Amino acid sequence: MSFPFRSMFLCSLVSTFGLISTFLQPESANAASCQTPALSRIQRHQVTRGETVESIAQGYKLMPATIINMNPSVNNGTVAAGTQLQIPPFNGTVVEVPREQTWRQVAARYKVRPDTLFEINGCQQNPRVVFVPVVPGVIASPNRIIAASPTQTAPSATITGYPLPNGTTVALAYGWQIEPTSGKVFFHSGVDLVAPVGTSVEAIAPGIVVFAKDQGSYGKLVIINHVGGYQSRYAQLETINVTLGQMIKAGETIGTVGTTGTPTSREPHLHFEMRFNGSLGWEAKDPKAYFTK
């Protein structure tokens with residue numbers, strides 16, 4: 001079955017940039033990894049004399065095809081001085097979601113991971129337009145941003161361990177979940193490991209602390225960067241026992257279990273995430289693949 005998806009020029013999609021921004025405000029903070037929608041991060045660029053589509057694209061680290069797709073004023077790959085261009089934060093295109101379809105079907109159509117599309121569009125439940133990190137018609141290019149397929153994983157993991165002193169049960173698993181009170185579907189970017197408040201939280205592997213303070217729905221949060229492009233996140237803590245820039249050993253206590261922020265499970269737990277620095281930033285991975293308990 002084919003679906004009538006239409007890749008849209010930004011200025012023909014709506015009459016003003018302000019209107020598109022109103023479509024793309026996050027509707028829910030259920031997913032801890034929500035970010036500002038890609039279409040709300042579009043910049044404006046006024047073309048100066050001597051600039052070309054290629055030189056502008058290079059300056060923003062984008063493919064020329066991305067700029068051409070986003071700006072119908074670009075005529076046969078050329079652009080006039082004084083023209084205002086819309087510059088997205090990364091390679092891709094704008095797609096209208098047909099009213100009878102869902103953004104999940106857009107993700108399937110463009111072979112993009114659903115959680116990736118969900119997060120880069122601000123974790124909206126039913127957006128009318130989305131930014132898809134794929135350039136239509138481009139088969140392969142070293143500059144193209146390609147979203148990971150559902151079966152693609154990070155390189156062979158050298159990170160193994162466990163963030164609590166003992167193995168425990170999982171209150172909420174990684175992946176698509178249903179919020180028990182509202183019934184809304186959301187993407188859970190980590191696992192909730194049941195543990196009493198005050199239980200020691202341990203670093204899963206050696207690394208350096210890059211964040212150690214309150215952070216919105218995460219509550220008290222510690223983030224550790226590890227070798228090989230990996231990152232671990234420890235959220236909803238009661239106390240933080242490390243400081244920014246501190247070198248950490250595997251198994252070292254970094255804080256204690258708490259209930260700060262906006263927990264997604266009712267039982268006291270540690271919200272733990274593993275991430276990998278991929279083409280679209282810190283991509284969430286299933287933590288159980290890294291656990292030893």
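Biologist: In this predicted model, which residues do ring pairs link into a cluster?
Modeller: A search of the whole predicted structure finds 8 aromatic pairs. Some of these pairs join up, and the cluster that ring pairs link together consists of Tyr 162, Tyr 234, Phe 272 and Phe 291.

Biologist: Is the pair formed by the rings of Trp 103 and Phe 118 stacked or edge-to-face?
Modeller: A pair of aromatic rings is described by the distance of the centres and the angle of the planes. For Trp 103 and Phe 118 the ring centres are 5.3 Å apart and the planes stand at 25 degrees. Planes under 30 degrees apart count as stacked, and therefore the pair of Trp 103 and Phe 118 is stacked.

Biologist: How many residues apart in sequence are the parts that the pair of Trp 103 and Phe 118 ties together?
Modeller: Trp 103 belongs to helix H5, which covers residues 103-109, while Phe 118 belongs to helix H6, which covers residues 114-120. Because the two partners sit in these two helices, the pair ties together parts whose separation in sequence is 15 residues.

Biologist: Is Trp 103 buried or exposed, and is Phe 118 buried or exposed?
Modeller: The cut-off for a buried residue is a relative accessible area under 20%. Trp 103 has a relative accessibility of 4% and therefore counts as buried. Phe 118 has a relative accessible area of 3%, so Phe 118 is likewise buried.

Biologist: What is the volume of the second largest cavity?
Modeller: The count of cavities of 30 Å³ or more comes to 2. The second largest cavity is lined by Trp 103, Leu 117, Phe 118, Asn 121, Gln 124, Pro 127 and Val 130, and by class this lining has 5 nonpolar, 2 polar and no charged residues. The volume of the second largest cavity is about 30 Å³.

Biologist: Where does Cys 123 lie, and is Cys 123 buried or exposed?
Modeller: Most residues other than glycine have a negative phi. Cys 123, however, has a positive phi near 60 degrees, and its place is the loop between H6 and strand S5, the latter covering residues 129-132. With a relative accessibility of 1%, Cys 123 counts as buried.

Biologist: Is Lys 61 buried or exposed?
Modeller: Lys 61 also has a positive phi, of about 60 degrees, although it is not a glycine. Lys 61 is placed in the loop between helix H3 (53-59) and helix H4 (64-70). Its relative accessible area is 76%, and since the cut-off for this class is over 50%, Lys 61 is exposed.

Biologist: How far apart in space are Thr 116 and Phe 187, C-alpha to C-alpha?
Modeller: Thr 116 has its place in helix H6 and, at 12% relative accessibility, counts as buried. Along the sequence Thr 116 and Phe 187 are 71 residues apart, whereas in space, C-alpha to C-alpha, their separation is 9.9 Å.

Biologist: Leaving aside its neighbours within four places in sequence, with which residues is Lys 293 in contact?
Modeller: Lys 293 lies in the segment after strand S17 (281-285) and counts as exposed at 53% relative accessibility. In sequence Lys 293 is 128 residues from Pro 165, yet their C-alpha atoms are 9.7 Å apart in space. With neighbours within four places set aside, the contacts of Lys 293 are Tyr 162, Leu 164, Pro 165, Asn 166 and Gly 167.

Biologist: Leaving aside its neighbours within four places in sequence, with which residues is Pro 165 in contact?
Modeller: Pro 165 is found in the loop between S5 and strand S6 (170-172), and with a relative accessible area of 30% Pro 165 is partly exposed. Pro 165 is 88 residues from Thr 253 in sequence, while their C-alpha atoms are 9.4 Å apart in space. Neighbours within four places excluded, the contacts of Pro 165 are Thr 199, Ser 200, Glu 202 and Lys 293.

How values were computed
Residues numbered from 1 in each chain as written. Predicted model: local features only at pLDDT ≥ 70, side-chain atom pairs only at ≥ 80, totals over all residues. Heavy atoms only, no water. 1 Å grid on protein atoms, 1.4 Å probe; cavity = no way out; pocket = protein on both sides within 12 Å on 5 of 7 lines; lining within 4 Å. Points joined across faces, edges and corners; volume = space filled by probe spheres on them. Nonpolar A, V, L, I, M, F, W, Y, C, P; charged D, E, K, R; others polar. Phe/Tyr/Trp six-rings, centres within 6.5 Å; stacked < 30°, edge-to-face > 60°. Helix = DSSP H or I, 4+ residues; strand = E, 2+ residues; numbered from the N terminus. Buried < 20%, exposed > 50% of the residue type's maximum accessible area, 1.4 Å probe, protein only. Contact = heavy atoms within 4.5 Å.
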